[in-house]
Amino acid sequence: QQISWTPLLVLGYLFYLLLGAMVFHLLEKQAETHFRDQFQLEKLKFLQNYTCLDRQALEQFVQVLMEAWEKGVNPEGNSTNPSNWDFSNSFFFAGTVVTTIGYGNLSPSTVAGQIFCVFYALFGVPLNLAFLNQLGKGLNAHLLTLERWVQKPGRAQVQYQFSILAIFLTIGTLLFLVFPPLVFSYVEGWSYGEGFYFTFITLSTIGFGDYVVGTNPNKHYIPIYRSLTAIWIVFGLAWLALVFNVGADLMERFLQLKWHKSELSLAEGATTKLEDEPEQPRIHIPS
């Protein structure tokens with residue numbers, strides 16, 4: 001009888017979520033409390049320095065800042081800040097919609113823009129998936145070509161596939177995960193760790209929105225900077241999606257292999273037990 005490994009996968013998935021929740025709770029809760037207390041202390045100091053203001057007026061101003069941030073307006077700087085909806089930034093936003101990244105730092109504020117965004121995503125997300133699928137097929141074709149190129153007599157097929165996978169992972173890691181953080185660190189002023197964090201969070205379509213390129217009002221960006229970033233995101237998504245698919249396939253095969261081995265051991269144990277038991281007398285029942 002075949003044993004289903006689906007319940008084990010469900011339990012493992014839930015356990016992984018619980019583990020992540022526990023770790024994030026332990027790592028971030030104390031820091032959040034510290035920042036919250038520090039913010040309240042800064043507000044108190046501000047009221048003490050500017051006695052003409054009361055707490056209610058300060059809270060109203062903080063609310064104005066929060067609303068401005070939610071509408072995509074950076075409170076830093078002045079009215080000369082570049083627009084969030086010029087063509088380059090709009091192109092970048094359109095890319096975050098169809099790729100389902102959704103940073104959350106910018107969203108349509110007009111009713112017409114919100115309605116258009118719904119229908120744009122309704123058709124754009126499947127179109128993006130079809131495009132990434134076709135792009136993945138092209139990458140697979142190049143991988144097969146590379147496999148035939150490096151294939152030499154006398155080597156096992158597993159060695160071919162392993163070498164091709166290693167080359168694919170190495171080149172992709174350099175192009176999409178190692179070199180881009182260097183560029184972002186130089187342009188945005190981030191550390192390399194922050195740039196790498198942004199790179200992975202973006203290409204995995206998690207998109208927290210805590211780090212977004214081209215949003216610092218104190219920096220001057222070239223007009224096509226965010227457009228080029230959007231193109232990099234598309235190709236990086238295709239590569240990382242293939243990596244995730246390979247990882248998921250290997251995990252499924254590993255689980256199936258483990259269950260297959262357990263089934264074989266159970267079957268062998270049952271056979272051994274039957275062989276060790278003495279043969280019982282059989283009763284013939286006439287029909």
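Visitor: How many cavities of 30 Å³ or more does the structure hold, and what volume does the largest have?
Guide: In this predicted model, the structure holds one cavity of 30 Å³ or more, and the largest cavity has a volume of about 40 Å³.

Visitor: Which residues line the largest cavity, and which elements give two or more residues to the lining?
Guide: The lining is made up of Phe 92, Gly 95, Thr 96, Thr 99, Ala 230, Ile 233 and Val 234. Helix 3 (87–98) and helix 7 are the elements that give two or more residues to it.

Visitor: What is the confidence in helix 7?
Guide: Helix 7 (residues 225–276) is where confidence is lowest in the protein chain, at a mean pLDDT of 74, whereas helix 6 (residues 192–203) has the highest, at 95. The chain as a whole averages a pLDDT of 80, and 78% of the residues score at least 70.

Visitor: How many aromatic pairs does a search of the whole structure find, and what makes the pair of Phe 46 and Tyr 50 tilted?
Guide: The search finds 14 aromatic pairs. In the pair of Phe 46 and Tyr 50 the ring centres are 4.8 Å apart and the planes stand at 40°. Planes under 30 degrees apart count as stacked and those over 60 as edge-to-face, with the rest called tilted, so the 40° between these two planes makes the pair tilted.

Visitor: Why is the pair of Tyr 221 and Tyr 225 described as stacked?
Guide: Their ring centres lie 5.4 Å apart and their planes are at 5°, which is under 30 degrees, so the pair is stacked. Both Tyr 221 and Tyr 225 are buried.

Visitor: Which residues form one aromatic cluster?
Guide: The cluster is formed by Phe 92, Tyr 103, Phe 184, Trp 190, Tyr 197, Phe 198, Tyr 211 and Trp 232.

Definitions and conventions: Residues numbered from 1 in each chain as written. Predicted model: local features only at pLDDT ≥ 70, side-chain atom pairs only at ≥ 80, totals over all residues. Heavy atoms only, no water. pLDDT = per-residue confidence, 0-100. Helix = DSSP H or I, 4+ residues; strand = E, 2+ residues; numbered from the N terminus. Phe/Tyr/Trp six-rings, centres within 6.5 Å; stacked < 30°, edge-to-face > 60°. Buried < 20%, exposed > 50% of the residue type's maximum accessible area, 1.4 Å probe, protein only. 1 Å grid on protein atoms, 1.4 Å probe; cavity = no way out; pocket = protein on both sides within 12 Å on 5 of 7 lines; lining within 4 Å. Points joined across faces, edges and corners; volume = space filled by probe spheres on them.
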